[in-house]
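Look at the protein and the ligand shown below.

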Amino acid sequence: MKAVTYFRYGGPDVLELSNLPKPEAKPGELLVRVRATSVTSGDCRMRAFDVPGPFKIPARWMLGWPAPKTPVLGYEFAGEVEAVGAGVRKFKPGDRVYGGAPRSYAEYITVAETGAVAPIPRELTFTDAVSLPFGLTTAMYFLNGGKVAAGQSLLIIGASGCVGAYTIQLAKHMGLLVTAVTSGRNAELVGALGADGVIDYTSEDYRRSGPYDAVMDAVGVTSFSVVKPLIKRGGVFLNVVLSTADLLALLNPFRDGRRIVTGTFDTTQAMLLAINDLVEADAVTPVIDRSYTLDQIRDAHAYVDTKRKRGTVVVTV
Ligand SMILES: NC(=O)c1ccc[n+]([C@@H]2O[C@H](COP(=O)([O-])OP(=O)(O)OC[C@H]3O[C@@H](n4cnc5c(N)ncnc54)[C@H](OP(=O)(O)O)[C@@H]3O)[C@@H](O)[C@H]2O)c1
């Protein structure tokens, strides 16, 4: 089968299209014919080993050093179940499924029946389905972790990226009042996704706005010390990208009653089923910036590396 491999860290040119043996479904697993995957900011960071200073040592252990431990990149997938291993009850060949599993830049992957896999809701296309989990699961993890509630105010810095675009939609569904920080070229997009207010960071200073119940830095362009005056006492900083400065803020117990939610999470089947409920309720719209094919993977990574993408970049397989 065709798969995208990488045997060293670096720019998009480390990615190669290779022929690998087709995997087989072991007991309790599904074999999925992948029809679409995505290029996330996370994939690009893994490819480049782009990890902030204090996290480099655990990341070397997790990702592999000096070369990647797992030579096939990618995590999100949408496709059809081709075969099931012994004991699988919930899925059958022919089912349309989506979710997250390592090595998704390939024609076939295996995923545990109990893992991050769910039926594709309604008549969503493979590319629409694959565009949802990265942004929505992150939005769920941070909004739920921050215990933000209906009627509260939320500022999202970096609102047009994948995490931002889906956080706007989930936050509006939860009844929050959302102010989106983006550049002018994306103002219309974030407004269409439901933002109540838009701040164009190229001409206005969001640090003069607020205060808010919650502030999310979705793209890692600020820090707790900068946004602290914008957060109400008892409010929360949703810190999607943990920097060295934020790590120090976390260790400092004197935060004047402001909380910080950070960290990372594993995508679960329950999260995907919650996404299906959002789709059924017409609460989310796929936000797809560009679509590439597997043999254009270097171009797709080069585009995501610009840090200018809007929503999700998908790859058809
Ligand atoms: N903690 C976790 O578990 C977790 C989960 C998911 C993602 N992440 C991390 O979250 C980060 C963001 O992911 P993503 O996929 O959403 O990124 P992305 O889609 O690549 O973000 C691109 C967007 O960032 C905006 N942007 C760039 N500079 C900006 C600035 N100075 N102010 C405001 N907006 C700016 C751009 O809009 P303009 O062109 O308008 O500037 C663009 O639309 C990544 O570092 C990723 O690794 C962490």
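A residue counts as near a molecule if one of its heavy atoms lies within 4 Å of it. By that rule 26 residues surround the ligand, and the closest are Ser-160, Ser-183, Tyr-201, Arg-308 and Lys-309. This is a predicted model, in which local features need pLDDT of at least 70 and side-chain atom pairs count only at pLDDT 80 or more, while totals for chains, interfaces and linings use all residues. Residues are numbered from 1 along each chain as its sequence is written, and side-chain values use heavy atoms, with hydrogens and water left out.

An N or O atom in the side chain of Tyr-201 is 2.4 Å from an oxygen atom of the ligand. For Ser-160, a polar side-chain atom lies 2.8 Å from a ligand oxygen, and for Arg-45 the distance is 3.1 Å.

Which helices give two or more residues to the shell around the ligand? They are H1 (41-48), H4 (133-145) and H5 (162-173); helices are DSSP runs of H or I with at least four residues, numbered from the N terminus. H4 gives the most, with 3 residues.

H1 also packs against helix H10 (residues 297-305), at an angle of about 100° and with the axes 10 Å apart. The axes are lines fitted to C-alpha atoms over the stretch in contact, and angles run from 0 to 180 degrees between N-to-C directions. H1 is therefore roughly perpendicular to H10, a term for angles of 65 to 115 degrees. Ser-41, Asp-43, Cys-44 and Arg-47 of H1 meet His-301, Val-304 and Asp-305 of H10, where contact means heavy atoms within 4.5 Å.

Note on methods. Polar contact = N/O pair within 3.5 Å; in protein donor to acceptor, adjacent residues only side chain to side chain. Parallel < 35°, antiparallel > 145°, perpendicular 65-115°, else oblique.
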